[in-house]
Amino acid sequence: MTEKSPSLLLGGLNINFKRKLVQPLIISFIVVFIVVGLETVDLYRMFGTYGERFETVVNLLIFPVTPIIYGWIVKDKIGAVIVGAVPIFIILFFGNLFFGNLIYTNGLSISRFFTILLYAVSLATLGSLAGYFASKKEFKYLVISIFFGIVWISVFFSGID
């Protein structure tokens with residue numbers, strides 16, 4: 001008797017939890033832990049400006065590069081979309097919503113909330129598209145994926161106040 005892996009039937013799609021959902025979520029949380037870990041370690045004190053530069057480069061590139069690498073290696077479209085969207089929402093939206101002053105510096109600002117939501121959705125969409133196109137595992141799609149990664153970086157810089 002063979003043992004089948006747990007699955008869920010969603011709109012006619014049989015999604016394997018182990019491969020399609022759990023693995024990308026684990027990778028997404030690893031990205032979050034890397035970013036949060038680099039922020040809490042304070043590399044600037046240990047290594048001076050080189051530590052600060054390293055932290056900045058890792059924090060900037062980890063979000064668009066991770067879904068590209070995941071999509072290219074695993075060829076999992078759904079997983080690449082998850083890896084492109086989940087970490088930025090955790091860090092940018094939920095992390096700052098509950099632990100930062102993203103929305104309520106001088107009281108709750110609904111317009112600021114929607115501005116941050118639009119920013120987070122834009123970055124999540126670009127990261128997801130980068131991962132999705134990389135998962136097609138053809139060079140022309142890899143170029144499109146890298147393009148979305150570059151656009152991600154420019155949108156990220158546009159949102160810094």
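The crossing of helices α5 and α6 is left-handed, a label used when the near helix is turned anticlockwise from the far one by less than a right angle. Welcome to this predicted model, where local features need pLDDT of at least 70, side-chain atom pairs count only at pLDDT 80 or more, and totals for chains, interfaces and linings use all residues. Residues are numbered from 1 along each chain as its sequence is written, and side-chain values use heavy atoms, leaving out hydrogens and water.

**How the helices meet**
- The axes of α5 and α6 come within 7 Å and cross at roughly 165 degrees, with axes being lines fitted to C-alpha atoms over the stretch in contact and angles running from 0 to 180 degrees between N-to-C directions.
- That makes α5 roughly antiparallel to α6, the term for angles over 145 degrees.
- Contact (heavy atoms within 4.5 Å) involves residues including Tyr119, Leu123 and Phe133 of α5 and Leu142, Phe148 and Trp152 of α6.

**Helix α5**
- Helix α5 covers residues 110-134 and reaches 36 Å from its first C-alpha to its last, close to the 36 Å expected at 1.5 Å a residue.
- Among its buried residues are Ile116, Tyr119, Leu123 and Phe133, where buried means under 20% relative accessible area and exposed over 50% (1.4 Å probe, protein chains only).

**Helix α6**
- Leu142, Ser145, Phe148, Gly149, Trp152 and Ile153 are buried in α6.
- Seen down the axis of α6, these buried residues fall within an arc of 145 degrees, so they line one face of the helix; the arc is taken from the directions from the helix axis to the C-beta atoms.
- Turned away from that buried side is a face with the exposed residues Lys140, Phe147, Ile150 and Ser158.

Technical notes
Helix = DSSP H or I, 4+ residues; strand = E, 2+ residues; numbered from the N terminus. Expected span 1.5 Å × (residues − 1). Parallel < 35°, antiparallel > 145°, perpendicular 65-115°, else oblique.
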